[in-house]
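Student: I have a structure open on my screen. Could you show me how to read it, feature by feature?

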Amino acid sequence: MTSGNLAEQKASGSASAPRLPYGPLAGIAAGVLGLGVAELIAALAGGASPLLALGDRVIDLTPRWLKGAAVATFGTADKPILLACVGLVTLALLGVAGALAVRRPILGAGMLALLGAIDIAALLADRAGNGTTGIVAIVIGLAVGITALILLTRPLRDTDSPPTEAEAPDGFDRRRFLVAAAAVTAVGAAGGVGAKVVTARRLPATRVAIPAAVSPAALLPAGAELRIDGLTPHLTPVDDFYRIDIALLTPRVDVADYRLKIHGLVDDPVELTYEDLLAMPLYERRVTICCVSNEVGGDLIGNATWTGVRIRDVLKRAGLSPDADAVKSTGADGITIGTPLEALTDGRDSLLAIAQDGEPLTRDHGFPVRMVVPGLYGYVSATKWLTELEVTRFADFRAYWTDRGWSAEGPIKTECRIDLPGDDVMPGERTIAGVAWAQHRGVSKVEVRIDDGPWQPATLAAEDSIDTWRQWTYRWDATEGEHRIEARAYDRTGTPQTADEAPPAPDGATGYPTRTVNVG
């Protein structure tokens with residue numbers, strides 16, 4: 001190899017070295033720096049996170065069918081996956097901004113400004129109304145990011161013959177560029193980590209003393225818990241309880257500042273503090289709640305012991321107008337939910353829950369106050385981080401989910417699930433088992449069918465209450481081969497769950513749960 005060739009390689013950063021997309025790398029580094037600065041400033045000022053605000057806006061704009069598919073596919077992991085997708089798309093667009101800046105800095109800066117404008121629009125639409133500080137943070141972060149983009153791409157423009165996407169100009173110091181880009185990216189990442197640390201240190205305490213209930217939950221009847229390995233337990237541990245909501249960041253609510261406003265079609269509007277709620281008579285009840293996104297046989301359902309104030313007692317304080325037929329509730333995450341007034345006043349144990357299984361609610365499950373209404377899907381009843389109850393009429397408002405095509409009223413449908421057996425078993429007597437629910441109507445029986453044969457009665461566990469699910473079992477003489485198991489439940493009116501298959505939207509999935517088992 002000649003000395004001339006060596007000089008050429010050295011000048012170009014080594015002809016044998018891998019070609020790198022220098023412009024896109026600069027764009028990503030500058031964007032990470034700008035976003036990290038914005039996140040840190042927003043956290044220090046107590047404002048909304050720009051990145052999470054963008055994610056929230058994506059949730060709001062997601063079509064119903066896509067949301068349902070995400071929940072069905074990813075379950076409670078849908079939010080981390082959403083954030084990951086938003087992050088990947090953002091990085092790709094930052095790469096485009098960097099590529100544009102190599103040719104024309106104004107275009108790269110304009111691309112970053114456009115991304116900033118999108119984030120500002122998301123902050124303006126912040127459901128919880130905390131976006132103003134975040135907007136200031138975005139503007140500062142944007143200025144920092146654009147400055148970094150121009151400085152990082154300047155060496156790539158210092159040539160009479162601008163490079164392609166993957167090439168550097170003559171005289172370009174490749175190593176110096178990569179070190180600078182890595183340093184800028186690291187500073188931006190540090191800003192993001194710092195924002196998380198600042199936010200975590202501001203978390204209000206959730207350890208509060210819950211007074212004894214004036215009406216404790218009844219003792220669990222003998223035989224209500226079958227204790228079979230693999231069968232869903234009667235009570236769902238808090239750590240295993242499903243969580244489906246629209247909050248990417250769990251709202252931080254301090255009980256010292258908590259206020260619950262009751263207004264609308266009432267005689268006397270009421271505002272209650274957390275201490276006011278603790279001073280009211282508390283009721284403890286076991287209630288099974290379910291998400292409308294639950295597929296047939298799905299696991300977006302759980303049973304817990306809830307402690308709280310009866311909603312009808314709170315509404316009675318305010319005095320209800322005879323014209324009202326609904327309550328619009330609002331959470332600290334900005335969600336609005338419409339609930340039939342009848343379900344809150346007809347004598348069922350509808351609660352403003354402050355505790356789950358004897359302990360204060362966790363942040364993920366609605367601390368400090370959430371709604372629990374037997375017999376209704378969560379999207380029309382289970383408002384978490386509750387801040388407001390507006391007595392109104394269905395004709396006068398649209399709630400978050402009804403605006404997205406879901407039914408205004410959502411009674412839970414009679415359903416069941418097959419937990420056992422597994423997919424592969426040995427021949428012989430085997431246990432088929434699961435849970436069935438028909439909240440606020442009660443389960444009267446469950447039947448099992450093997451390979452389209454006759455329906456056979458299963459054995460039900462003792463009934464806890466009509467507001468909780470029931471375990472059931474069936475003894476099966478399993479023979480070699482592949483077998484299809486189906487199950488169906490009946491409520492106490494004698495009505496069976498329907499065989500008609502329907503997706504969760506707009507008011508809950510239907511059909512029989514099935515399981516294919518290989519015996520041999």
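This is a predicted model: local features need pLDDT of at least 70, side-chain atom pairs count only at pLDDT 80 or more; totals for chains, interfaces and linings use all residues.

Student: Let's begin with the whole chain. How many helices and strands are there in the chain?

Tutor: Count 11 helices and 19 strands. The C-alpha atoms fill a box of roughly 90 × 70 × 40 Å along the principal axes.

Student: What share of the 520 residues is buried?

Tutor: Buried residues make up 49% of the chain.

Student: How do I read the packing of two helices?

Tutor: Take the angle and the distance between their axes. Start with α5, residues 78–103, and α7, residues 132–157. Their angle is about 50°, and their axes lie 8 Å apart.

Student: What do we call the arrangement of α5 and α7?

Tutor: α5 and α7 are oblique to each other. Their crossing is right-handed.

Student: Which residues of α5 and α7 meet?

Tutor: From α5 come Ala 97, Gly 98, Ala 101 and Val 102. They meet Leu 149, Thr 153, Leu 156 and Arg 157 of α7.

Student: And how do α6 and α7 pack, at what angle?

Tutor: Helix α6 covers residues 105–124. It packs on α7 at about 160°, with the axes 10 Å apart. An angle over 145 degrees counts as roughly antiparallel, so α6 and α7 are roughly antiparallel to each other. Their crossing is right-handed.

Student: Which residues does α6 bring to α7?

Tutor: Among them are Pro 105, Gly 108, Leu 112 and Ile 120. On the α7 side, the residues include Ile 135, Leu 142, Ile 146 and Leu 149.

Student: Now the cores. What is the general idea?

Tutor: In soluble globular proteins, nonpolar side chains tend to be buried together. Here, the largest nonpolar core has 70 residues. Ile 262, Trp 306 and Leu 352 have the most contacts inside it.

Student: Which residues does Leu 352 contact, leaving aside neighbours within four places in sequence?

Tutor: Its partners include Leu 260, Leu 277, Val 309, Ile 311, Met 371 and Leu 389. Thr 307, Gly 308 and Arg 370 are also among them. There is a second, separate core of 22 residues, which includes Leu 94, Ala 97, Ile 146 and Leu 149.

Student: What about disulfides?

Tutor: A disulfide is a covalent bond between the sulfur atoms of two cysteines. To find one, look for two cysteine sulfurs within 2.5 Å. In this chain the count is 0.

Student: Why is Cys 290 in no disulfide?

Tutor: The nearest cysteine sulfur, that of Cys 291, is 6.8 Å away. Cys 290 is buried, with a relative accessible area of 3%.

Student: Last, a strand residue. Is Ala 326 buried or exposed?

Tutor: Buried, with a relative accessible area of 0%. Ala 326 lies in strand β5, residues 326–331.

Student: Which residues does Ala 326 contact beyond its neighbours within four places in sequence?

Tutor: They include Thr 339, Pro 340, Leu 341, Val 391, Phe 394 and Phe 397. Ala 326 and Ile 337 are 11 residues apart in sequence, and their C-alpha atoms are 10.0 Å apart.

Key. Residues are numbered from 1 along each chain as its sequence is written. Side-chain values use heavy atoms; hydrogens and water are left out. A nonpolar core is a set of buried Ala, Val, Leu, Ile, Met, Phe, Trp, Tyr and Cys residues joined through side-chain atoms within 4.5 Å. Buried means under 20% relative accessible area, exposed over 50%, partly exposed in between (1.4 Å probe, protein chains only). Contact means heavy atoms within 4.5 Å. Axes are lines fitted to C-alpha atoms, for helices over the stretch in contact, and angles run from 0 to 180 degrees between N-to-C directions. Helices (H or I, at least four residues) and strands (E, at least two) are DSSP runs, numbered from the N terminus. Angles under 35 degrees count as roughly parallel, over 145 as roughly antiparallel, 65 to 115 as roughly perpendicular and the rest as oblique. A crossing is left-handed if the near helix is turned anticlockwise from the far one by less than a right angle, and right-handed if clockwise.
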